[in-house]
Amino acid sequence: MQDISGKKSVFFAFSAPTFIWLTLFFVVPLGIIWLYSFGENVTITKIETTWTLDNYRRILEPEILQLIGRSFWLAFVSTVICLFVGFPMALVIATASFKAKPWLLLLIMLPFWTNLLIRTYALLNILGTRGRLNDVLRWLYERAEQFQAMLGLERLNLLGDGFTPLTLLGTPAGVIYGIVYVSLPFTILPIYSALERMDNSLLEASMDLGAGQLQTARNILIPLAMSGIVTAAIITFIPALGQFLTPDLLGRGQVDMIANVIERQFKKANDWPFGSAISLTLLYATFILLALRSFYDAARSKREGRM
Amino acid sequence: MTDTIVSIRGITKRFGSVEALKNISIDIQQGEIFALLGPSGCGKSTLLRLISGFESPSEGELLLDGNDMTALPPNKRPINMVFQSYAVFPHMNVEDNVAYGLKMEKVPAKEIKERVAIALEQVHLSNFSQRKPDQLSGGQRQRVALARALVKRPRVLLLDEPLSALDAKLRDAMRLELVKLQESVGVTFIIVTHDQAEAMAMADRIAVLESGTLRQVASPAELYAHPADAFVADFIGNINAFDVQQISTIDTGVALHIDELGVIEWFSEPPSTISIPASSEDKVEATLSVRPEHVSISTTIPANDQVSIEGTLGDIAFQGQHSIAEIRLDNGRSISAIIANDQALILPGANKQLRIWAHWSINNMLLLPKKAPPL
C-alpha cells in the first residue's frame with residue numbers, strides 16, 4: 001500500500017466529508033444559538049440579535065440558579081455512586097479470564113442495544129409505587145410479619161402499622177437511580193481500560209513487600225488507575241448534567257434539571273433566546289471542567305517529571 | 001553441615017486437572033544460591049510462586065527455618081521477590097520504591113532513610129534516588145527491584161528469570177554482580193531460569209525440573225559430569241547421545257549393543273537406574289553419550305583403544321575460542337565435536353564431502369538411563 005501520510009491533498013479529500021458535515025450541522029447551528037442568546041423576541045417567531053445580556057442575567061435569578069445547583073448536585077451524586085459501583089466491576093472485568101472477559105464486556109454494552117426511551121419506561125414499571133421493586137419489598141415485609149407472628153412478638157409492633165410503599169418516582173432518589181443506570185457503562189469502560197493496562201505483578205510486588213490487600217489498593221491500584229478514574233468521572237458527570245429524559249419520566253416533572261428548563265423555553269415558553277443562554281452556560285461549564293482536567297494532567301506530569 | 005532454610009516437602013500443585021508440580025521435595029541451604037532450572041512449562045515458576053506465597057500447594061508443606069509457612073500470605077513471609085518484569089512502581093521515584101516495603105513494616109522514618117540509602121549504594125543507584133522508573137534503563141530498573149527487596153532484609157530472595165530481559169553484554173556483567181551482591185549480603189538466593197549457562201555460572205546448586213517433576217539436584221560440576229539421565233545430560237550443555245539397543249552381562253561388566261557404534265564393552269557397573277533386561281530381546285531404555293569437547297576428528301583411522309565412528313564432514317561453526325564441527329553419520333544423524341581453530345582452518349568445506357572419523361576415549365562416555373525415576 002502507498003504511504004498516504006503527510007500528503008496534503010489526501011488529507012483534505014479524506015477529511016472533507018466530516019469537516020463539511022460538522023460545519024453545516026454543528027458549528028452553524030451552535031453559532032445561531034450563540035446569536036440567539038444575545039437576542040430578543042420581537043414577534044412570536046422572529047428573534048432579533050440585540051446583544052442584550054438580559055438572557056444571561058436571568059440565569060442568575062434564584063429559581064434558575066437553584067435548578068442549576070440541583071442539576072450539579074444530582075449529577076455529582078450520580079457520578080460518585082457510579083464510581084463506587086463501577087470500579088469493582090471494572091476490576092472484575094480487567095482480571096477476568098480470557099474466556100469470560102468478552103462476555104462481561106458484552107453485558108456492559110448490552111443496554112446500548114435497546115432504545116433509551118423503552119429502557120426508561122421499563123424503569124417506571126420497576127420503580128413505581130405499585131412497581132416491581134415495591135412488590136419485592138412488600139413480599140419481604142409480609143414474610144417478616146409472619147416471622148414476627150411465629151415468634152409471638154406482634155405486641156412489640158416492630159414493623160410499624162403496615163407496609164408503606166417506597167416512593168421513588170418524582171423524587172431525587174428515583175432520578176439518581178435512573179442516571180446511575182444510564183451512566184454506569186461510561187464509568188466502567190475508562191476505568192477498565194486503565195486497569196487492563198496495569199501489570200499484575202505490580203500488585204503482587206506490593207503484597208510481597210508486606211502490604212495487605214487494602215494497602216495495595218490504596219497505594220498502587222487506585223493511584224495507577226487514577227487517570228482512568230478521572231476520565232470516567234468526567235465522562236459520567238457531563239452527560240449526567242444534561243440529562244433530559246430521566247428527570248422528565250422518572251422525576252415526573254417534580255425533579256427538573258437544566259435540560260428540562262431548556263426544553264420548556266424552546267417549546268411551551270417560546271423563549272428561544274433564554275433557552276439558548278442556558279444551553280450555552282451549560283456548554284461553558286463543561287469547557288471549564290475539561291480545562292480543569294487538562295490542568296490536572298499537566299500538573300501531574302510536571303510533578304512526576306520533576307521528581 | 002549447613003542449615004536448611006527452606007524446606008519443600010512433598011509439594012504437589014494442581015491447576016484444575018493439570019498437575020504443574022508432582023511431589024517435589026527439596027531442601028535449600030542457608031546462604032546458597034540455588035537455581036531452579038528447566039524448560040518453559042516445567043513448573044519452576046509455579047514453585048517460586050509457591051515459595052513466595054502467591055500460590056498455595058494442593059499437597060505438601062513449605063518450611064522456613066523449620067516452621068510451617070504453608071498457610072502464610074505473601075505479605076507475612078520474610079521472603080522477597082525480584083519479579084521478571086521487575087514490577088517497579090511507575091508512580092513512585094526510586095527512593096520511594098525502595099522505601100515502600102519498610103513503610104509497610106512501619107519502620108521509623110529515620111531508619112527508613114538510612115536503610116534505603118545503604119540499599120541504593122549496594123546496587124550503585126545512589127545518584128538516581130529521585131528518578132522516576134521511566135527515566136531508568138532496564139538494568140537500572142532491575143537494581144531498583146533488587147534494592148527494594150534486599151532493604152527488607154529478607155531471609156530468602158527469590159529472583160524470577162533475573163537476566164532474561166537484559167541484553168547479552170549487560171547479562172554477563174549482571175550475572176557476576178548478582179553473585180558478588182549475594183556474597184556481600186549473605187542472603188539465600190533462589191533463582192528461576194531456563195538458561196542452563198546462567199544457572200551453571202551463578203548457582204551453588206541446581207534443581208533440574210521437567211514437566212512438573214524433579215530430575216536432579218546437584219552442584220553445576222556434578223550435574224555436568226554425572227547427570228542423572230539423558231534428559232539432564234542433554235539439558236545441561238550439549239551432548240551426543242547414542243541409543244543402547246541391548247545390554248548383556250559379560251565377565252568384566254556389560255556389553256552394550258549400539259547400532260551406530262557396534263558392541264562396546266563397559267568395564268564397570270552400569271548405574272542402578274538402568275535395568276538390565278533378562279532377555280536380550282527386551283528393549284533397553286538407556287543411552288551412551290559423549291560431550292562434544294571430548295570428541296576428536298581425524299582423516300585417518302583412529303587407534304584401536306578409541307571409540308570411533310565414520311562419517312562425512314559437515315559445517316564448521318567458528319565460536320571464537322574454538323570451532324564446532326558437524327559430523328554427518330551415514331544413517332542421516334549428525335554429531336558434533338569441539339575442535340581447535342587451527343584444525344578447523346585446514347579442513348575443507350561441507351561441500352567437499354570429506355570422509356572423516358570422529359573418535360573419543362571410552363572413559364569420557366556416560367552410560368545413562370533415558371529417564372531416571374523422579375526424585
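Strands are DSSP runs of E with at least two residues, helices are DSSP runs of H or I with at least four residues, and both are numbered from the N terminus. Because the model is predicted, local features need pLDDT of at least 70 and side-chain atom pairs count only at pLDDT 80 or more, whereas totals for chains, interfaces and linings use all residues. Residues are numbered from 1 along each chain as its sequence is written, and chains are lettered from A and ligands numbered from 1 in the order in which they are written.

Strand β17 (residues 306-318) of chain B is paired with β20(B) through seven bridges in the antiparallel sense; pairing requires that DSSP finds at least two bridges between two strands. Strand β20 (residues 355-361) of chain B is also joined, by three bridges, to strand β16 (residues 296-298) of chain B, and these two run antiparallel. Here Ile297(B) has Ala358(B) of β20(B) as its bridge partner. The open sheet of chain B comprises five strands in the order β16-β20-β17-β18-β19, with antiparallel pairing.

The domain assignment, whose bounds come from an automatic or database source, divides chain B into domain 1 (4-235), domain 2 (240-289 + 365-369) and domain 3 (292-361). The centres of domain 1 of chain B and domain 2 of chain B, taken over C-alpha atoms, are separated by 40 Å. Five residues from domain 1 of chain B and seven residues from domain 2 of chain B take part in their contact, which is defined by C-beta atoms, placed from the backbone, within 7 Å. On the side of domain 1 of chain B that touches domain 2 of chain B, three residues are nonpolar, none is polar and two are charged. In this classification, Ala, Val, Leu, Ile, Met, Phe, Trp, Tyr, Cys and Pro count as nonpolar, Asp, Glu, Lys and Arg as charged, and the others, Gly among them, as polar.

Chain A is divided into domain 1 (25-60 + 271-307) and domain 2 (73-129 + 167-261). Between these domains of chain A, the C-alpha centres lie 27 Å apart. The contact involves six residues of domain 1 of chain A and seven residues of domain 2 of chain A. The side of domain 1 of chain A that touches domain 2 of chain A has four nonpolar, one polar and one charged residues.

Between the chains, 20 residues of chain B are in contact with 17 residues of chain A. On the chain B side, the elements giving two or more residues are β6 (79-82) and α2 (94-104) of chain B. The largest share, three residues, comes from α2(B). This side of chain B divides into eight nonpolar, eight polar and four charged residues.

In chain A, the axes of helix α8 (residues 200-208) and helix α9 (residues 213-241) come within 10 Å and cross at roughly 140°. Axes are lines fitted to C-alpha atoms, for helices over the stretch in contact, with angles from 0 to 180 degrees between N-to-C directions. The angle makes α8(A) oblique to α9(A), given that angles under 35 degrees count as roughly parallel, over 145 as roughly antiparallel, 65 to 115 as roughly perpendicular and the rest as oblique. Leu202(A), Leu203(A), Ser206(A) and Met207(A) of α8(A) meet Thr216(A), Asn219(A), Ile220(A) and Leu221(A) of α9(A). By class, this contact has five nonpolar, three polar and no charged residues.

Note on methods:
Contact = placed C-beta atoms within 7 Å.
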